[in-house]
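Reader: Could we go through this model together? I would like to begin with one residue and then turn to the packing.

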Amino acid sequence: MTAGSAAKLYTPRLLALSTSLANYPLNHDFAAFHEARSRTCGSSIKLGLDIDAAGKISRVGMQVSACAVGQSSAAIFAQHASGQKTASVIDTVVCIEAWLNGSKALPDWPGFDALEPARDHAGRHGALLLVWTAARAALSSPDASG
């Protein structure tokens, strides 16, 4: 990655997002929990979710070890996950995967546009997807029934 392309990828907005993860501490009392590691870049996440009686995410906690793209993606997920139903998260994951594979439609998740520069950097796709695939797995677990 050249210095110019790194500057286009690591925008001030993207870097600011990565600093907000401290607002989502992880402990082990979450109803749904998943750990994941990206095979492509080595990024990792431990993700905890609570689900309310209506089947919506009510609380998020995470521990993320990733580049700024992975951290920012996790922050975007966490900032807007509360109130989301499992189906909405799973639909978003499918849209993100399609978008990374060339679909023109930007995923419909608040703030996701901050990740748009990462699309041209295939080496960052694993980090970008990490929180989303971890959330899909956590929400699919038997403990996620709310």
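**A loop residue, the core and a helix pair**

Author: Ser-43 counts as buried, because its relative accessibility is 5% (buried means under 20% relative accessible area with a 1.4 Å probe, protein chains only). This is a predicted model, in which local features need pLDDT of at least 70, side-chain atom pairs count only at pLDDT 80 or more, and totals for chains, interfaces and linings use all residues. Residues are numbered from 1 along each chain as its sequence is written, and side-chain values use heavy atoms, with hydrogens and water left out.

Reader: Where is Ser-43 found?

Author: Ser-43 lies in the loop between strand S1 (32-37) and strand S2 (44-51); strands are DSSP runs of E, at least two residues, and helices are runs of H or I, at least four, numbered from the N terminus.

Reader: And what is Ser-43 in contact with?

Author: Beyond neighbours within four places in sequence, its contacts (heavy atoms within 4.5 Å) include Ser-65, Cys-67, Ala-127 and Leu-130.

Reader: Turning to the largest nonpolar core, which residues touch the most other members?

Author: Leu-49, Val-60, Met-62 and Phe-77 do, out of 41 residues. Such a core is a set of buried Ala, Val, Leu, Ile, Met, Phe, Trp, Tyr and Cys residues joined through side-chain atoms within 4.5 Å. H5 gives the largest share, 9 residues.

Reader: What does Phe-77 touch?

Author: Among them are Leu-47, Val-89, Trp-109 and Trp-132, with residues up to four places away in sequence not counted.

Reader: How does H4 pass H5?

Author: H4 passes H5 in a left-handed crossing, meaning that the near helix is turned anticlockwise from the far one by less than a right angle.

Technical notes. Buried < 20%, exposed > 50% of the residue type's maximum accessible area, 1.4 Å probe, protein only.
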